[in-house]
Amino acid sequence: MASQNSKDENKSQCNPTLASGTTGASIQMSAIHDCLRSITGKLGNINILQQSVNNMNRDLWDEDGLDERIKYIGQQHEDNVGEFETLKLENSYLRKELQVLKSIVVNLDRRVTQQENEIVDLKGRSMKDNILGHNLAEDDQEDLTTRVSDLIKEHLNLEVGFIRIHRNGQKFPGNSKPRSITGKLQNYNDKELILQAIRQKRENGTINNMPFYITPQTPLQINESKKKLQEMNNKYREENVKTKIVGNKLVFPNGSVYRDKVLPPRAEDLLMLDKEEIEKLEECDVNRCDSVTEDGNIFTSLISEIHTYAQVRDVYKNVLRNADYACANHNILVYRFKDAQGRVHDGYCDNGEYGAGRRMLKVLVERDVLNVAVVISRKNGRHLGPRRFDVMNDLVIKAVSRTCY
């Protein structure tokens with residue numbers, strides 16, 4: 001065998017042409033195999049592409065394919081456009097109805113204001129023969145008709161008669177302060193004589209000798225308005241401005257009449273605002289501070305930094321445009337600021353909670369608080385009496401004593 005291999009090897013070496021031909025054929029066969037493998041791969045890719053095309057055709061044209069989806073989207077778009085147009089039309093109707101409702105509310109607000117003024121006038125007329133007695137010690141078995149008549153005769157030297165007379169309100173346990181007395185006189189002239197005698201005793205300095213003092217009974221609104229006018233009169237007098245009170249007006253030396261620079265906003269001031277006015281109010285920074293609940297009453301304090309009367313008015317509007325506070329029974333405003341010239345301006349709006357604003361302003365003055373407006377919003381619960389003023393004052397003190405803005 002070794003001999004045979006040796007022979008073959010010798011044979012190849014002796015015939016180089018044969019060896020070279022064999023090698024070339026092998027290379028060609030290898031190239032052919034490579035080419036076939038390449039063609040086979042490409043044919044496989046074609047099959048894959050064909051399958052992808054078939055899948056795309058199914059995605060496009062089958063029952064739930066892309067074509068049907070596009071048609072559905074187009075139909076949905078048409079439906080949405082129709083619904084949008086319907087909504088636009090409904091929105092237009094709603095805007096018109098809202099405008100009508102606003103106008104109705106404004107009209108109702110004007111009528112209510114007129115009726116309130118008429119009620120106050122009627123109250124004043126019904127009280128024209130009435131006097132109030134204050135600080136007269138109570139007796140469980142007292143006969144006020146006889147007792148008050150005798151005291152008036154003793155101290156004022158006047159004989160008067162009463163149609164009716166009574167203590168006001170309920171006597172609370174633990175409250176030692178005597179309740180006030182309302183008396184309706186038989187003769188209106190007697191009221192004038194009593195008030196004249198009281199003024200004379202005050203001028204003579206003998207008013208303190210009386211065991212009680214007497215004032216005319218007037219509606220609370222009128223009484224508070226007179227007190228406010230008197231406060232403003234005293235303030236202007238301190239500034240050497242010779243104002244005087246004429247009826248229910250404060251008159252300046254030039255004949256002009258004093259008017260409050262900040263009043264509770266009316267319905268039309270809150271509802272008939274344009275876009276710019278609303279945006280301006282929204283820029284007003286009003287911060288909620290504290291809330292207190294007592295016997296069903298909810299008191300909430302709000303505070304804002306202010307430097308002008310215009311800012312005070314904007315703060316008040318901003319609060320009353322908030323649904324949480326617009327529904328409150330009272331929104332009492334108090335403000336105090338120093339202008340560019342260094343002059344201090346202050347004031348308040350009771351918003352029906354008569355006497356509250358004056359007390360709240362006193363808190364700011366005593367603490368020399370400047371450049372703030374505070375609103376106390378109250379939703380009524382059970383009757384609190386004078387205790388309500390303490391609650392509101394405490395809220396003001398807390399609001400101004402810490403940084404709320």
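Mentor: The buried residues of α11 are covered by elements including β9 (330-338), β10 (344-349), β11 (372-379) and α12 (387-401); contact here means heavy atoms within 4.5 Å. This is a predicted model, in which local features need pLDDT of at least 70 and side-chain atom pairs count only at pLDDT 80 or more, while totals for chains, interfaces and linings use all residues. Residues are numbered from 1 along each chain as its sequence is written, and side-chain values use heavy atoms, with hydrogens and water left out. Helices (H or I, at least four residues) and strands (E, at least two) are DSSP runs, numbered from the N terminus.

Helix α11 spans residues 356-366, and its buried residues are A356, G357, M360, L361, V363 and L364. Seen down the axis of α11, these residues fall within an arc of 150 degrees, so they line one face of the helix. The arc is taken from the directions from the helix axis to the C-beta atoms. An α-helix has 3.6 residues a turn, so residues three or four places apart point the same way.

On the other side of α11, K362 and E366 are exposed. Buried means under 20% relative accessible area, exposed over 50%, and partly exposed in between (1.4 Å probe, protein chains only).

Next, a charge over a ring. R359 has its charged end over the ring of F389, 3.9 Å from the ring's centre. The rule asks for NZ of Lys or CZ of Arg within 6 Å of the ring centre and within 35 degrees of the ring normal.

Just after α11, D368 has a positive phi of about 50 degrees.
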